[in-house]
Amino acid sequence: MAKAKSQFICRSCGAISPRWMGKCPECGEWDGLEEVKATGKGAGLDPHRGIAPATDGEQAQAKPITDIVDEDEAGPGRIATGIGEFDRVLGGAESMRGIVPGSATMLGGDPGIGKSTLMLQAAIVLARRGQTVLYVTSEESAGQLRLRAERLAAAPSGREGETGLPPELFVLADTNLARIAAQAQKIKPALLVIDSIQMVYKGDLPAAPGSVTQLRACCLELVYHAKSTGSALMLVGHVTKQGALAGPRLLEHMVDTVLYFEGDRYHSHRVMRGVKNRFGSTLEVGLFEMTDRGLMEVQDGAGLLAAEYQPRSGSVVCPVLSGTRCLLIEMQALTATGFLGSAKRKVSGLDRSRLDMLIAVLEKRGGLRLADQDVFASSVGGVRVGEPAADLAVALAIAGAHLERQLDHGTCAVGEIGLGGEIRGVQQAERRIVEATRMGFKRIICPDARWPKVKGAELVPVKTLDHALQQLN
């Protein structure tokens, strides 16, 4: 019998080390190396040992790129899930939305955020459209899943308005990869959902489910099955305390798309965003609202996040672009007396380094004393804002909270702030103005007077931060 040897794999980056070390030599993660047993010469994972039958007689041949046929034209197109916000994040452009056949997608999120609910709703809608779906649940029984499915199916989740459970939806409550593979080969589903990948195990591996060894092997064989059979694969994954996908970073490299489902489990709004997408943009976000009948789409999210906005000190609305949509997001700030040299800087949904820069500009160019002030800033609604166009709104919110001043009713602000205190222009100005005007914001504080004129909108051009601070009353 071949002698077993040990390797150590980092659960954060997937780096392999011949011996255990307290710190990963690649990514620097402490206590991140996990032992993996291997046997024989060249031991490891063989992609041709996957659950799909090997095709030894059909060898891939290199060909000129001009002779390669576009897969979208040669084979079936994308599979629309019927949930518009989900399809938006998967594809982006209107003509490219939906699941790519043969692709592998990983969906991560905090416990209780609604990952399983979203997957089950998508499975029900797809099955109603005649697509065969195999839903593998490893965390609950088939009876429990049916009870939840009946509750979701009672609501007209699809545009067809149908209710009831479709027979094209197959359910398997199992965690053994071999039995899951046998059912997948028998049913040949258009969509295979694994909820969740951390509970699936391979029987011939001497490791516990959820370990690096099991995750690597199970994910690799499931992805190989999807590529060889054309079935779309959806994997539901757990996340760590830091919000990253649990398991080795290698999992993110194996799949084609990585999605995160975010939001506060105690509030109704949910946000889906893509951090990796080989078939579309990662700039799109999908908006949902959790109800007693499952997740409902928020198709017109332009004013949803600022719907409860009331003019007050420390609160400014900004039209922010996220992919192909414009969202009006409320920026809030609060200042409180702290201690010089140890003042707190806390953010939620914003870039911490960007906040530090804005505070420095407010002190140097705006004449505010914030060195002994604790500053708290956040974007309301759970949407993370990363574009510099929100600089002006955040700076006005901080200044308003500190000076106890506020903008006039129906006023929003957009613009990037430079280190010299100048207000710089932003992209797609007309789109921002149109969306802000449609949601009732008639005055827009903007960087340049040459911005396009929109009926019903009053532009307030400002060139410097000093000029912008004068708009606070």
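The following legends describe close-up views of a predicted protein model.

Residues are numbered from 1 along each chain as its sequence is written. In this predicted model, local features need pLDDT of at least 70, side-chain atom pairs count only at pLDDT 80 or more, totals for chains, interfaces and linings use all residues, and side-chain values use heavy atoms, with hydrogens and water left out.

View 1. The protein contains eleven helices and 21 strands. Helices (H or I, at least four residues) and strands (E, at least two) are DSSP runs, numbered from the N terminus. Of the 473 residues, 49% count as buried; buried means under 20% relative accessible area, exposed over 50%, and partly exposed in between, with a 1.4 Å probe and protein chains only. The protein exposes about 22,700 Å², of which carbon and sulfur atoms supply 51%. Accessible areas come from the Shrake-Rupley method with a 1.4 Å probe, and for residues only the protein chains shown count as cover. Among contacts between residues at least 6 apart in sequence, 67% join residues at least 24 apart, where contact means heavy atoms within 4.5 Å.

**View 2. The largest nonpolar core.** A nonpolar core is a set of buried Ala, Val, Leu, Ile, Met, Phe, Trp, Tyr and Cys residues joined through side-chain atoms within 4.5 Å. The largest has 60 residues, and Met331, Leu392, Leu396, Ile398 and Ile444 touch the most other members. Helix H9 (residues 391-403) gives the most to this core, namely eight residues. Domain 2 (76-297) and domain 3 (303-470) both contribute residues, so the core lies between them; the domain bounds come from an automatic or database domain assignment. Apart from its neighbours within four places in sequence, Ile398 is in contact with Ala333, Thr335, Leu355, Ile359, Leu362, Leu370 and Val375.

**View 3. The second core and helix H2.** A separate core of 34 residues includes Phe86, Val89, Val133 and Leu145. Helix H2 (residues 84-91) is mostly covered, with eight of its eight residues buried.

**View 4. Strand E16 and its partners.** Six of the seven residues of strand E16 (residues 373-379) are buried, so the strand is largely enclosed by the rest of the structure. Strand E14 (residues 325-337) pairs with E16 in the antiparallel sense over seven bridges; two strands pair if DSSP finds at least two bridges between them. In E16, Ala377 stands opposite Ala333. Strand E15 (residues 345-348) and E16 pair in the parallel sense over four bridges, and Arg345 stands opposite Val375 of E16. From E15 the chain crosses through helix H8 (residues 352-364) to E16, and this β-α-β crossover is left-handed. A crossover is right-handed if, with the strands pointing away from the viewer, the path from the first strand over the helix to the second runs clockwise.

**View 5. Backbone details in three loops.** The peptide bond from Asp195 to Ser196 is cis, with omega near 5°. Ser196 is placed in the loop between strand E7 (191-195) and helix H6 (212-229). Lys188, in the loop between helix H5 (177-187) and E7, has a positive phi of about 55° although it is not a glycine. Glu404, in the loop between H9 and strand E17 (411-413), has a positive phi near 60°.
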